[in-house]
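This report concerns helix packing, domain layout and backbone geometry. The sequence and structure are shown first.

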Amino acid sequence: MAAHFFTLSIITLSLFVVASSGELESELVADLLTLQSESKSGVIHLDDRTVSKFLTYPRIPRPYSFLIFFDAANFHDKPELRLRELRREFEIVASSFITNHNSSNTKLFFGDIEFRESQSSFQLFGVNSLPHVRLVGPTAKSLKDDSDVMDQGDFSRLAESMAEFVESRTKLTVGPIHRPPVLSKMQLGLITALLLLCLPLVAKRIFAGETLIHDPKIWLSGAVFVYFFSVSGAMHNIIRKMPMFLVDRNDPNKLVFFYQGSGMQLGAEGFAVGFLYTVVGLLLAVVTHVLVYVKDATAKRLAMLFTLLVSFWAVKKVILLDNWKTGYGIHGFWPSSWN
Amino acid sequence: MATMPASASDLLKSFKLKTKQQELLIRVSILCLVYILAFITRLFSVLRYESMIHEFDPYFNYRTTLYLTENGFYDFWNWFDYESWYPLGRIVGGTLYPGLMVTAVLIYRILRFLRFAVHIREVCVLTAPFFASNTTLVAYFFGKEIWDSGAGLVAAILIAICPGYISRSVAGSYDNEGVAIFALLFTFYVFVKAVNTGSLAWSLASAFGYFYMVSAWGGYVFIINLIPLYVLVLLITGRYSMRLYVAYNCMYILGMLLAMQIRFVGFQHVQSGEHMAVMGVFFLMQVFYFLDWVKHMLSDTKLFQAFLRITVTCAVAVGGIALGLGMVSGYISPWTGRFYSLLDPTYAKDHIPIIASVSEHQPTAWSSFMFDFHILLFLFPAGLYFCFKRLSDATIFIVMYGLTSMYFAGVMVRLILVATPAVCLISAIAVSATVKNLTVLLRSKNKVVQTGSTKGSGGSKSSSKALLDQSQPFQKNGAIALLFGAFYLLSRYATHCTWVTSEAYSSPSIVLAARGAHGNRVIFDDYREAYFWLRQNTPQDAKVMSWWDYGYQITAMGNRTVIVDNNTWNNTHIATVGRAMSSYEDEAIEIIRSLDVDYVLVVFGGVTGYSSDDINKFLWMVRIGGGVFPVIKEPDYLVNGEYRVDKGAAPKMLNCLMYKLCYYRFGEMLTEYGKPPGYDRARGVEIGNKDVKLEHLEEAFTTSNWIVRIYRVKPPNNRCPHNVETPVVTHLGDVFPNGSNIHGQSGTCNPQNLGVCLDLLGLVDVNLGNAPTKPCCSLIEGLVDLEGAVCLCTAVRANVLGIHINLSISLSLLLRNCERKVATEYICGP
């Protein structure tokens, strides 16, 4: 009898445990779904507490996989890491996944962890480099060793390759990626309509010859701008995404504006030199075309002197900088006795 | 030349005949001197080395020219070249711009006819300098057309020695650009002349100039887009005229018909998206003409306005619809990536890595502008201002040419070449106008208040200067000082140009020069030694396999068939070679036999320290091979993401064909004092596999400095069944946890691979030691220089998270130790 009771109680107890753990799991999933619906993109923001709640604590196998993006707000301004861009892509994957499954899929959740506020989670996962995306499968025991890390190659094609990564590891389908359009249809239609409306007006004014484009001053300033833009290497800065300046390695309080070595430049450096180029040229033009009309002789003399000094200084500066930067010692091929 | 005395008389109306003659004499002799100067300054390369063809592509041009001289034009036009891309071959006539070759042969024939016994090679070597001289003449006439003859002379002088142009036209650089810049400037000049005069003859000439340009260089696309842009600007600024109508229509129709005769261009003028602008403007022109006519017929302005509105809207709509239909139906091909990357410079970097990876296609930093233009950069804005002060159809053209080409030069380094003539012309205007003002000031007998001839700023300026003269007694001294300043600057320019030409732009790159321990010059002539060995010691029909860089040179100098060459049109074929080079010898021999290869040629710098050899290019072979044949996996050749050749190298690396061919017998060689035998000087390590044994290949020839090594493929053994399926070492693909995943893109940055470098950077002060950085070099070798640097930085940045947040590192030293060019320097941010 006692044995019967004992068996029975064990069965009930174990049943109760199973039921309660099932209940717990469904509770967790419900929690996650609420969190997910609260977030705009469907990415759940995790911190040390929620990581332990959803990932460390639940019994294995967990009823869901977790794809986690490791973020660091203080590294957002580093263009090489592409954190912002990757995070945006990550959000696109998340929202696409959720819309494709009508918010009813409980097998996969998307989350992000911020470095500053959840340092211990970073340690838990053993993350020491960014960008870092990790997939924690349902059976992963140790968060550090059993989870899948997304390769650099999986970032390469942004949201699409991230989705492929997810599909290959979880056997879930992400479905088509929904990117927000650059311009909404409404805007597009409005712009087209406006353009069409303006067209005859513009044409009429062009024929009448009374627009801004008939003013040489506009063209001139445009031309000088294009010149400045080109010679300052702005294109180089855009393509290479160069920073404006750097912090000196030996002395963090000092900034480095000029960078030694040709074929490479910093942003501010290019603009400074481009400015010097432009100033000398424009001063020459002003002296020959504007200054001569000034009536006052002293003013004229002062302006002239100023121009001469500035031009001299600018040319000298640029040539010195160039020699310093490229390391070339340019010299004439004079007879050696002359030197 | 007939126009010269006429306009000279315009200019110097007030002078006596005798002075005019003097002026003419001076001008002609200056031009002659400039002509000669432009030629001889480009002979530095001949003086420093010898009369030879430079670089890689010119060797192909030279070979085709040789063929043209020997077999005549029709054979050349229909030439199917069996010697390259074996076994595919190449239809040469339909895949090249024949202008350069035909020009060289024409010069050669003329010299022959005049009984000068020259060799075609000398003609080829000197073609570029000769055309540079001609360009100075065109620059003179162009300058005269847009400003005055003084500006023309200055332009001729500036362009004669401008480094931006010299870089592509030294003696021996027998490349399309050499003649194309002449053709470009000539076309522009004649077109501007046609617009100024409205004469059919000039527009006909511009059509032929355009034809020559099309036949010579792919850069003709610039002309065919700049001219319609220019016409469009004239139209919207209300400068439409009958002259413009005649010039443009004649040039476009004839130029297009003529250009279609070039097989390589074919029907692109009516089919490709890049040529649509010119056609659109052509139709717009007709609409304008039609409107003009209607306006003439209709007296009622209100009616005309209504008509105008309807016509313009209809015309634009029809044009848009036609373009859309053409695009959708595929009749009009979309823009090519190269063209697109010019308009949106960031496009190439994201979408076409193969374009972005070429070193000539890097964006330009300010120091490159300074290097190639020097003081012209300061004068350019002044020249722009002068042009705007005296707006005419011609100055508008030069301003537009200058600005567009300047913009493109900012996008790609090599396009500085296209910008050079415009920069020279605009700067020449600034120099000439300023100097002229100053000298007028000096020469003016005082107190002549001129009544200000309103035409031309020259006149108004001199009048204002004369006014100035009255008020300022020190005016003359000031002018003298300014003149001296100007001439000092110009002399600095001359010095700079000469130095740059002699030191930077005259190296032929097929003969290597280095400084010895005592400052003496050491010449490595191994390439030619090897190619001549091939020519004299191998059977006529032997096939040589090498990496594609050397294809043109082997066919041109060695006269042997190659598998792949620099005209990289067939990626699969290149990948096959890459696969062979990166397989084990047993597997490679199958590929080699299937390609009928008799000799394998590798370039090796371990003895001399020559860093751009095949071992350093090897990762590219692996990537390109792996891109087509997934059997080849890049991680197999790396150890923890690091590329190394010493004892710690990956087993697959140590036993692949390329490694074996490069390091065969190298293990017993002593290269540097105090180092063990088998010390690789290019990579600074002792090699890992000193006991290289070859089974199916045997060493045939190694040049005196070991730079080129040639191996013979042994014939198959008689009736001996090969056991081909036993690779020596098992694959280790799965061992590497951070396997780099390249996704078909060669040169993807994988910061995780660079982990080892980071340890070095963290521990070793890069300022002091260079030896430990060497292993990192190989990792960034495959990447474009800059991407390599950025990649390293990313890795640094990523790994220090939480440890040293404010670490910033100068990678320039690291990169310099990797013997990258100066262009590869970079500092990581914090």
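## Packing of H22(B) against H23(B)

In this predicted model, helix H23 (residues 416-443) of chain B packs with H22(B) at an angle of about 145 degrees, and the two axes are 8 Å apart. The crossing in which H22(B) passes H23(B) is left-handed.

On the H22(B) side, the contact involves B:Ile398, B:Val399, B:Tyr401, B:Gly402, B:Ser405, B:Met406 and B:Ala409. These meet B:Ile416, B:Val418, B:Ala419, B:Pro421, B:Ala422, B:Val423, B:Leu425 and B:Ile426 of H23(B). Classified by residue type, the contact of H22(B) with H23(B) comprises 13 nonpolar and two polar residues, with no charged residues.

## Packing of H12(B) against H22(B)

H22(B), which spans residues 393-411 of chain B, also has a crossing with helix H12 (residues 220-236) of chain B: the axes come within 10 Å and cross at roughly 130 degrees. H12(B) and H22(B) are therefore oblique to each other. Here H12(B) passes H22(B) in a right-handed crossing.

From H12(B), the residues in contact are B:Phe222, B:Leu226, B:Leu229, B:Tyr230, B:Val233 and B:Leu234. Their counterparts in H22(B) include B:Asp393, B:Ile396, B:Phe397, B:Met400, B:Thr404 and B:Phe408. B:Tyr401 and B:Ser405 of H22(B) meet H12(B), and both residues are also listed in the contact with H23(B). The contact of H12(B) with H22(B) has twelve nonpolar, two polar and one charged residues.

## Packing of H7(B) against H10(B)

What is the relative orientation of H7(B) and H10(B)? Helix H7 (residues 120-146) and helix H10 (residues 176-197), both of chain B, pack at an angle of about 20 degrees, and their axes are 8 Å apart. H7(B) and H10(B) are therefore roughly parallel to each other, and H7(B) passes H10(B) in a left-handed crossing.

Among the H7(B) residues that make the contact are B:Phe131, B:Asn134, B:Val138, B:Phe141, B:Phe142 and B:Glu145. H10(B) contributes residues including B:Ile181, B:Phe182, B:Leu185, B:Phe186, B:Phe188, B:Tyr189 and B:Lys193. By class, 14 nonpolar, five polar and two charged residues form the contact of H7(B) with H10(B).

## Domains and annotated regions

Chain A is assigned domain 1 (25-170) and domain 2 (209-326). The C-alpha centres of domain 1 and domain 2 of chain A lie 48 Å apart.

An unreviewed UniProt entry lists residues 188-207, 219-239, 271-294 and 301-319 of chain A as "transmembrane region". Residues 271-294 of chain A are 79% helix and 0% strand, and the end C-alpha atoms are 31 Å apart. For residues 301-319 of chain A, the corresponding values are 100% helix, 0% strand and 27 Å. In chain B, an unreviewed UniProt entry lists residues 543-600 under "domain: STT3/PglB/AglB core". This span of chain B is 52% helix and 12% strand, and its end C-alpha atoms lie 9 Å apart.

## Backbone geometry in two loops of chain B

Most residues other than glycine have a negative phi, and most peptide bonds are trans. The peptide bond from B:Tyr86 to B:Pro87, however, is cis, with omega near 0 degrees. B:Pro87 is located in the loop between strand E1 (80-81) and strand E2 (90-91) of chain B.

B:His374, a residue other than glycine, has a positive phi, near 55 degrees. B:His374 is found in the loop that joins helix H20 (366-373) and helix H21 (376-389) of chain B.

Note on methods. Residues are numbered from 1 along each chain as its sequence is written. Chains are lettered from A and ligands numbered from 1 in the order in which they are written. This is a predicted model: local features need pLDDT of at least 70, side-chain atom pairs count only at pLDDT 80 or more; totals for chains, interfaces and linings use all residues. Side-chain values use heavy atoms; hydrogens and water are left out. UniProt positions are given in the numbering used here, feature names are shortened, and annotations may be inferred rather than shown by experiment. Helices (H or I, at least four residues) and strands (E, at least two) are DSSP runs, numbered from the N terminus. Axes are lines fitted to C-alpha atoms, for helices over the stretch in contact, and angles run from 0 to 180 degrees between N-to-C directions. Angles under 35 degrees count as roughly parallel, over 145 as roughly antiparallel, 65 to 115 as roughly perpendicular and the rest as oblique. A crossing is left-handed if the near helix is turned anticlockwise from the far one by less than a right angle, and right-handed if clockwise. Contact means heavy atoms within 4.5 Å. Ala, Val, Leu, Ile, Met, Phe, Trp, Tyr, Cys and Pro count as nonpolar, Asp, Glu, Lys and Arg as charged, and the others, Gly among them, as polar. Domain bounds come from an automatic or database domain assignment.
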